[in-house]
Amino acid sequence: MAKNNPRELSEEIQAKLLKEIRHGIYKDADKLPPENELAASMGVSRSMIRECLTEFEREGLVNRHKGIGTMINRRIVNNPYRIDLVQTFFPLLEELGYKPSVAHKEMFFSVADSKIAEKLDIQEGEAVLVLEELILADNMPVVYVIDHIPLNLLKDYKMESGSEAISIFKLIFKYADTDINVCLSEFHAVGTPARLAGYLNKKEGDPIVYISEVGFDIRNVPLMYSEEYLVDGFIPQVIVRKKI
């Protein structure tokens with residue numbers, strides 16, 4: 001396996017193992033092999049496998065019991081979309097059987113109004129980087145995303161031709177030297193805004209799912225404020241609630 005930085009390697013192993021659980025050699029299994037066997041089969045250390053399984057347990061995908069092993073929560077694993085997990089729309093839509101694409105993408109500098117400033121814990125009028133994106137599924141509009149990032153977090157960032165091609169998560173990781181750890185999201189049914197109606201094949205005021213979301217790093221610093229408008233009927237809205 002290629003040598004990546006620890007974060008990238010961990011994400012790669014998690015994605016590979018989850019694929020094996022959903023569609024591969026463990027698709028009919030009730031439990032996973034011991035950690036040392038998983039480590040050997042995937043060519044990584046046992047500590048890396050333990051880290052991945054810890055993350056899977058946090059997400060509710062598996063349960064680990066001493067003397068029993070790592071049990072797979074098949075009902076949760078087989079659910080293609082969970083709103084309680086932070087993930088990008090492209091792999092999600094592919095998992096749901098669609099062919100995703102981008103019909104409109106624009107990146108520009110702006111200033112924070114009172115709402116954006118409050119969400120990002122910055123002063124009104126401070127500079128922000130804005131990324132707007134219309135995502136399609138099988139050439140049908142699915143979601144319009146508007147992301148805002150405080151410009152003062154992006155060290156040495158300069159707008160370049162083609163820079164909008166980079167994903168928002170990779171942009172934050174590359175230029176802010178940090179990563180989104182958790183998101184606080186609010187869901188509402190709202191009327192479709194006039195300026196987005198044409199993009200989403202909706203009439204102004206038609207009901208649409210609206211998500212207002214702030215992404216925080218491990219130090220609880222707000223890194224990104226997003227507004228997402230989801231067309232109903234494409235992406236299931238499922239949440240896993242664990243007893244505490």
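1. A residue is called exposed here if its relative accessible area is over 50%, and buried if that value is under 20%. The model is a predicted one, and the points below should be read with that in mind.

2. With those cut-offs, helix α2, which spans residues 35-42, has E35, L38, A39 and M42 as buried residues. These four cover an arc of only 100° around the axis, and they therefore lie on the same side of α2. On the face of α2 that is turned away from the buried side one finds the exposed residues A40 and S41. After the helix comes G43, with a positive phi near 70°.

3. Five aromatic pairs are present in the structure. In one of them, Y98 and F234 have 5.8 Å between their centres and 55° between their planes, a tilted arrangement. Since Y98 belongs to the loop between α5 (89-95) and β4 (100-111), while F234 belongs to the segment after β9 (222-230), the pair ties together parts that are 136 residues apart in sequence. F234 has a relative accessible area of 15% and is buried.

4. How are the rings of Y144 and Y199 arranged? Their centres are 5.2 Å apart and their planes stand at 40°, so this pair, too, is tilted. It links distant parts of the chain, as Y144 sits in strand β6 (residues 140-150) and Y199 in helix α8 (residues 194-200), 55 residues apart. The two partners can be set against the cut-offs above: Y144, at 0% relative accessibility, is buried, whereas Y199, with a relative accessible area of 32%, is partly exposed.

5. Which strands make up the open sheet, and in what order? The sheet has six strands, arranged as β4-β5-β6-β9-β8-β7, and their pairing is antiparallel. At its edges stand β4 and β7 (182-191), each of which has a single partner strand, so that one side of each is left without a neighbour in the sheet. Direction ignored, neighbouring strands of this sheet are turned by 15° against each other on average.

Conventions. Residues are numbered from 1 along each chain as its sequence is written. This is a predicted model: local features need pLDDT of at least 70, side-chain atom pairs count only at pLDDT 80 or more; totals for chains, interfaces and linings use all residues. Side-chain values use heavy atoms; hydrogens and water are left out. Buried means under 20% relative accessible area, exposed over 50%, partly exposed in between (1.4 Å probe, protein chains only). Helices (H or I, at least four residues) and strands (E, at least two) are DSSP runs, numbered from the N terminus. The arc is that of the directions from the helix axis to the C-beta atoms. Rings of Phe, Tyr and Trp (its six-membered ring) pair if their centres lie within 6.5 Å; planes under 30 degrees apart count as stacked, over 60 as edge-to-face and the rest as tilted. Two strands pair if DSSP finds at least two bridges between them. Axes are lines fitted to C-alpha atoms, for helices over the stretch in contact, and angles run from 0 to 180 degrees between N-to-C directions.
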